[in-house]
Each structure stands twice: as C-alpha cells, then as structure tokens.
Amino acid sequence: MKSAIEETFSSLKGRLHGDLLRPHDEDYAHARSIWNAMAARTPALIARCADVADVQTAVRIAAAAGVLTAVRCGGHSLAGFSTCDRGLVIDLSRMRQVSVDRESRRGRFAGGCLLGSIDVATQQHGLVFPSGVVSHTGASGLVLGGGFGWLTRLHGLSCDNVEGFTMVTADGSLVRANARENAELFWALRGGGGNFGVVTEFEVKLHPVTAVVVGEALCRGDDISGVLRHWRNFMPEAPDKLKWNLNLRLAPNTENVPVDLRGRPVASESIIWIGDPEEGHRYLDHILSLGKPVAVTRKVVSYLALQTMADNEFPHGRRYYTKSGYFKSLEDSSIERMEQALTTVPSPTTQIELAYLGGAAARIASTETAFGDRRSPFVINLLANWSDASEDAANVAWIRNLFKVLRPSMAPGVYVNFMSGDEDDRVPEAYRERWDRLVEVKSHYDPTNFFRLNQNIPPKKTAAKSGNL
Ligand SMILES: Cc1cc2nc3c(=O)[nH]c(=O)nc-3n(C[C@H](O)[C@H](O)[C@H](O)COP(=O)(O)OP(=O)(O)OC[C@H]3O[C@@H](n4cnc5c(N)ncnc54)[C@H](O)[C@@H]3O)c2cc1C
C-alpha cells in the first residue's frame, strides 16, 4: 500500500504548471533551505507553484491525503514554520508578480513576493507599501502577522494597508476577503497569520515616498542608559515622521568603529525621517547631541537604499533564536537588566532590538484587525544570531534568561512574527480578547486544521463548515 506522501506525489506528478521536487532532484537542496538554519527540515515533496491553480491542486491533494503541509513565501519564519520533515511544502517563490496603479495609489502583489520585489516595482512609480526593514523577508508571512517597519508610525502596520486578499481555503476553493466580502476573514487575515488558507494575492494601499533622511550612530557603554531614558521619554511626543530605533549589542569589528570600542557593549541608533529633509536634520541634531555618539553618519538616501540597508546583518543560513514582548512604559530597572545582560552575551551578532510604535499604528482600534494589542508602544525583540551548532545551548539560554528577568515588567501580548517555534503557549496571549473570534473564523475556513504550521489557532473540535460568517 502506498503511503500518504507517495499517494500525494503520484497525484501531483504532471499536474502542476510549476515544479515538484523530491530529495534526489537537482534543485532540491536549494529549494529546501530556509532562512533560519536552526529550523532546517527535510520535506518529502516541494511543490513550487507557478500560479493559483497550482496552489489549489496542491492543497486539495495534500488535504485529501492528510499530508503534513507547510506554506512558504520568503522562508523567514523565525520559528521555521515554512518547512517540515517528511511532508509537503507549498512554495510560492515562483509567484512574485506585482502591479501598480499610480493614479489611485493602489497595488496588487502575489503570495510569493519578497519585500524587495514590492519595493522595486512600487518605487518605479514613486510609491511604497509600508513593510519591514530587510528586503529579503517574505511579504506574505510579514503582512499576515501584522508587519512593522520604518513607515509604521507614519502609515500604520503593513496589514493596516491591505484592502483585499484572495485566498485558497483548505478545500481548495478560492475566496476573496475585503470590507464587503467575507468581512470576518478580512478581519482575521490582518494579524491572524497563515491560519486560514494560502493567500495568493494582496490588494494594498501605496504612499508617495522616494527618499528619507537617515542618521546612524553608536552610543558608548556609559551613555547607553541615558540615551535609552531619553528615547523612552521623547518618543511618545515625537512626530509620526520620525522613527528612532535602538539596538543593544557588541560594537562590530568594522573600520568606522573606534578600535577601543570594538566588541564592547553599545547602543546602535537608527534614526529615520520621512519628510522635509531640513526639518529632519533638526531632529537628528537633537538626537545626536545626546551623550558622545561615535561612528556617526547622516545622509539622505533613496527608499530602496533604506530598505536594503540592513540586508547583510541577517544573512540566510545562520542560527537564530528569538523572544519578544511589549512594554507599556520602559522602566529604569528593565534598562539596567538589558545593559547587564550585554556583558555576558555569547555572540557578537546578537541584538536586543528596541522600537517605539505609536503613531498611525496606534490610532487603529484594537477591534478593527486581528493584530494584537496596539496600546503598548515599546516593542522588544531579543534576537540571538550565531553560526556554530555547538553554541546553540548557550545562545538559547542567554535569550531565555534575559526574557525571564524582563517578563515581569512587560505588558501581556506578543507579536506573532517575533516568536520562536517553542512558544505555542503564548499564541492565546498574542490575541487575547480576539481569540474566540479568531477560533470562529478558523473553524469555518479550516475545520480540520490543515494549515497548522503557524502560530496556531486550533479550530473548535466539533466545527463543521456551514452557514455564513
Ligand atoms: C531577517 C528578518 C527581518 C525581519 N524584519 C521584520 C520587520 O522589519 N518587520 C516585521 O514585522 N517582521 C520582520 N521579520 C519577521 C517576519 O515578519 C516573519 O519572519 C515572517 O514570517 C516572514 O515572512 P515569510 O513570508 O518570509 O515567512 P515564511 O517562513 O515563508 O512563512 C511564515 C508563516 O506564514 C505562512 N505563510 C507564508 N506565506 C503565506 C501565504 N501566502 N498565505 C498564507 N500563509 C502564508 C507560513 O505558512 C508560515 O506559517 C523579520 C524576519 C527576518 C528573518
């Protein structure tokens, strides 16, 4: 008797416009790889879909056979959800079409797009879709979970800028979700992750931005707590056009960093101003006058340069582990704990990333989308980044210990896209008062939990697909 996966292979063979790969195929090694080497897996089949019909075929056949199935856009899930062992991967990397309507400032992009594919196409019209800060990140995973980036304070989360989705459901049918059609699904897809089906197209709002002012600097150890306190007090009153992020880390061993500082704890500042450069420079003057920053740069850069500025800091194939949370206010004791932790960080590329949201993202009511709480503006992401598997335990332990000491000061809630794969117990925390409504939508569109490789919202056990939602 054939196994379920052999059955799936036989049924899919010759049926796709794209490719179907098995472990002995030439392209398999490349197609199998995902961004986080900690989550490497060996799927039995990879269906590189070329179009929506391929996605429908793959879903129908895999669901009928009961085969474990992962869905992949950019493969950047920190938790490794876009791959699996012995199952099927529905890989959307051949579906990267983007179209732009300059007049109406609207765009459409396919479910396999990377952020960079969208930026390049929209910038040809002087427009942008607000997304994340690394261009090789997949757009689908990012947008479906929420999506923060340089433009969040000015134009909201990525999901706030989506006006419609086209999605393949667990039974292979194609549905549209927007404010008029399938409004509950439209609500759920803006923050609820990949729980409901495979999104094949996003219809989005675009905004005019072509260049921004960027300031970067490193604050020495003595200045870290002073700058963090100032940042915490300053950002709640800052204009939406200003984004000021701080990363606590060890100073890199690069030419522009003073020799005595290399490998020492620093706060790395990124200050972005989206608007009139003269006004932006006044904000930069103020921020860069705090303490004695070094390796200071300030320039006006193109939007595409901004979006690729951090690409090399987070390469594919390294080992990553993360834990994240929100603070309503950032207490002095938390600042001290982070500073203290830096003295024992095991890897020079690990970072404590701090961002302040607020602005347009905070002005959307918490009931309007499934995305988690918008009332806690300080986001912290503890991101360990190392290369040698023998150092896994030390790096994971460092993140867990720091998270444990910071956790009592955090507000409840977590951003699903900054969670690791060992945090299922925190998924209800991510959605809290939105949880029951999400379970209803999940039960309607995916009653058997076919789409379960994600920060999972399980359907009701007895749910059967019926009626309208
Ligand atoms: C280097 C790096 C930088 C990042 N920067 C940011 C940032 O600036 N802002 C931010 O908000 N987040 C950021 N993130 C987190 C990011 O949002 C998540 O890692 C996100 O999951 C990446 O999306 P992806 O499409 O690459 O993921 P994948 O690994 O392909 O998929 C992630 C999840 O989404 C599901 N999924 C993927 N495509 C679809 C689809 N078409 N339909 C339905 N479900 C789908 C998958 O099944 C899986 O559960 C970053 C991550 C990395 C690794």
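Residues are numbered from 1 along each chain as its sequence is written, and side-chain values use heavy atoms, with hydrogens and water left out. In this predicted model, local features need pLDDT of at least 70 and side-chain atom pairs count only at pLDDT 80 or more, whereas totals for chains, interfaces and linings use all residues.

## Overall form

The chain holds 15 helices and 18 strands; helices (H or I, at least four residues) and strands (E, at least two) are DSSP runs numbered from the N terminus. Its C-alpha trace spans about 70 × 55 × 40 Å along the principal axes. For 469 residues a compact globule would have a radius of gyration near 23 Å, and the 22 Å of the chain agrees with this. That radius is taken over C-alpha atoms, and the globule rule is 2.2 Å times the number of residues to the power 0.38.

Of the 469 residues, 57% count as buried. Buried means under 20% relative accessible area, exposed means over 50%, and partly exposed lies in between (1.4 Å probe, protein chains only). The accessible surface of the chain comes to about 18,700 Å², and carbon and sulfur atoms account for 50% of that surface. These areas come from the Shrake-Rupley method with a 1.4 Å probe; for residues, only the protein chains shown count as cover. Among contacts (heavy atoms within 4.5 Å) between residues at least 6 apart in sequence, 72% join residues at least 24 apart.

## Pocket and cavity

Grid points are joined across faces, edges and corners, and a volume is the space filled by probe spheres set on the points.

The second largest pocket has about 360 Å³ of space. It is lined by 17 residues, of which His 30, Ser 33, Arg 72, Ser 93 and Arg 96 are the closest to its centre. The lining divides into five nonpolar, eight polar and four charged residues. In this scheme Ala, Val, Leu, Ile, Met, Phe, Trp, Tyr, Cys and Pro are nonpolar, Asp, Glu, Lys and Arg are charged, and the others, Gly among them, are polar.

There is one cavity of 30 Å³ or more, and the volume of the largest cavity is about 40 Å³. Its lining consists of Leu 157, Leu 357, Gly 358, Ala 361, Ala 362, Phe 371, Asp 373 and Arg 374. By class, that lining comprises five nonpolar, one polar and two charged residues.

## Buried residues and their contacts

Val 128 belongs to strand β7 (residues 127-128) and counts as buried because its relative accessibility is 0%. The C-alpha atom of Val 128 is separated by 9.1 Å from that of Arg 105, 23 residues away along the chain.

Ser 131 lies in the loop between β7 and α5 (139-145). Residues in contact with Ser 131 include Leu 115, Phe 148, Trp 150 and Gln 307.

Ala 170 is placed in the loop between β8 (162-168) and β9. Ala 170 touches Val 59, Ala 63, Tyr 445, Asp 446, Phe 450 and Phe 451. Between Ala 170 and Phe 451, 281 residues apart along the chain, the C-alpha separation is 7.4 Å.

Arg 232 sits in helix α8 (residues 221-234). Its partners are Leu 330, Glu 331, Asp 332, Ile 335 and Phe 378. Arg 232 and Ala 251 are 19 residues apart in sequence, with 22 Å between their C-alpha atoms.

| Residue | Relative accessibility | Class |
|---|---|---|
| Ser 131 | 5% | buried |
| Ala 170 | 14% | buried |
| Arg 232 | 16% | buried |

## Positive phi angles

Arg 86, which is not a glycine, has a positive phi of about 65 degrees. Arg 86 lies in the loop between β3 (69-72) and β4 (88-91), and it is exposed, with a relative accessible area of 65%.

Asn 182 also has a positive phi, near 50 degrees, in a residue other than glycine. The loop between β9 (174-178) and α7 (183-189) holds Asn 182, which is partly exposed at 29% relative accessible area.

Notes. 1 Å grid on protein atoms, 1.4 Å probe; cavity = no way out; pocket = protein on both sides within 12 Å on 5 of 7 lines; lining within 4 Å. Lists of a residue's contacts leave out its neighbours within four places in sequence.
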